[in-house]
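Here are a few notes to read with the structure open beside you. Take them one at a time and find each residue as you go.

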Amino acid sequence: MKTFTPREIVSELDKYIIGQKEAKRAVAIALRNRWRRQQVAPELRDEIAPKNIIMIGPTGVGKTEISRRLAKLAQAPFIKVEASKFTEVGYVGRDVESIIRDITDLAVKMAKDEERVKVQEKAQEMAEERLLDLLLPPVTSVGFAAQQDPQRLMQERELQKSTREKLRALLREGKLDDRVVEIETTEQKLPVVEIFSTAGIEEMDLNIKDMFANIFPKKTKRRSVKVPEAVKILNQEEAQRLIDMDKVVKQAIERVEQSGIVFIDEIDKIAGRESGHGPDVSREGVQRDLLPIVEGSTVNTKYGMIKTDHILFIASGAFHVSKPSDLIPEFQGRFPIRVELKSLGKEDFIRILKEPENALTKQYVALMETESIKLNFTDDSIAEISEMATIVNDRMENIGARRLHTIMERILDEISFNAPDMVAAGEAKEIVIDAKHVREKLSDIIKDEDLSKYIL
């Protein structure tokens, strides 16, 4: 886990997210507190619980993006889930414990990929030796005459060695790429098992795949492939052999328990107190099921038991219809930090189109460069796009920065479609997008409110 100061975390988030200082400060402090906790004496360390966060704000203001970028910074296991996907135990649907199982799977994959990088060099060497054995089989048995003559035996071995080194040089230079070799790969066909409910399947305390792997023998299959593909296949096999899976699983479990981040989106969709009937009967039940996981409990996964006491939970919701106070009191108490994200206006949109490293304008310029067309957005065109986005958001549902995607697609629709023909016809290779161009494309739609409801 990388260590950043809160100020460094905020400055990293500023590269991709405009505004929302309060939310950035809250997540920066939460992340730094995880590092601080690791420095505390062991007897007190387990007593320090993470301060979970609720982000409140309309759609398209950066709630999900903040959490996603935070997880990348921390290099921590991160999972984003939709609260509305889960149901109370007893109903058809996913149970909340699957969140922990999924984040553990992710952590195992992360740890495995890191181990693969560490053993890559050795795996390449071993794969090269196996490939040379295929290209030039070693002398395993020698004739009777050679056995009687030790000098001849030594000469044969020396000749084999020099030929092998020549082959190695040719292989590294890529001169054997067109050669076809026959390699033996392991394949295992497991029977298809249909499980009708994903809920609690791992409570059976067995891994069905492993069980069948022991019952059904592994089959080897001979394949004729070209040298570059053979290198790739052998490399993967050797790397898999070198990775210590027990160490990987141990690392993954520790990472999930100590630095895992769970982002629960659409938390407002399970808020609201209902009577015990109707289509939303399990809303409050989902909150009650989430409680022990957020508070700290032990979840059974195929890799072992995972303690959730120190996993950081970040919840977010627009809360248009419901309020945070509509969540059950116990659930509210598990999220002590509340941050309100502000709606975006014209000035924010201008900055969003110009400043971030992944700004929309930069993306479209890069896309058009692949067609040998240079797009140029003038300052007045960016101001006009931002103005249009603000007007449409005020008139209809406020979908924040996502409105910019719709408007940009509308403006560049014709250019995107005609780009290959323009280049083929030798037309202008530089296109300037100015305020006039933006108005021409959008003025009719903006004027007609009924039309803009469907198009923008």
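1. Is Asn 393 buried or exposed? Keep in mind that this is a predicted model. The relative accessibility of Asn 393 is 4%, so this residue counts as buried, since buried means under 20%.

2. Now look at what surrounds it. Asn 393 sits in helix 15, which covers residues 379–395. Setting aside residues up to four places away in sequence, Asn 393 touches Phe 349, Asn 398, Ile 399, Gly 400 and Arg 403. With one of these, Asn 398, there is also a side-chain to side-chain polar contact of 3.4 Å.

3. Follow Phe 349 next. Phe 349 is one of the buried residues of helix 13 (residues 346–354), along with Ile 350, Ile 352 and Leu 353. Look down the axis of helix 13 and you'll see its buried residues fall within an arc of 160 degrees, so they line one face of the helix. Among the things covering those residues are helix 14 (360–369), helix 15 and helix 16 (402–424).

4. Last stop: Asp 14, in helix 1 (residues 6–14). Its relative accessible area is 29%, so Asp 14 is partly exposed. Neighbours within four places in sequence aside, Asp 14 is in contact with Lys 21 and Lys 24. The side chains of Asp 14 and Lys 24 make a polar contact at 2.5 Å.

5. One more thing to check on screen: Asp 14 and Glu 355 are 341 residues apart along the chain, yet 9.1 Å separates their C-alpha atoms.

Key:
Residues are numbered from 1 along each chain as its sequence is written. This is a predicted model: local features need pLDDT of at least 70, side-chain atom pairs count only at pLDDT 80 or more; totals for chains, interfaces and linings use all residues. Side-chain values use heavy atoms; hydrogens and water are left out. Helices (H or I, at least four residues) and strands (E, at least two) are DSSP runs, numbered from the N terminus. Buried means under 20% relative accessible area, exposed over 50%, partly exposed in between (1.4 Å probe, protein chains only). A polar contact is a pair of N or O atoms within 3.5 Å; within protein, one must be able to donate a hydrogen and the other to accept it, and residues adjacent in sequence count only if both atoms are side-chain atoms. Contact means heavy atoms within 4.5 Å. The arc is that of the directions from the helix axis to the C-beta atoms.
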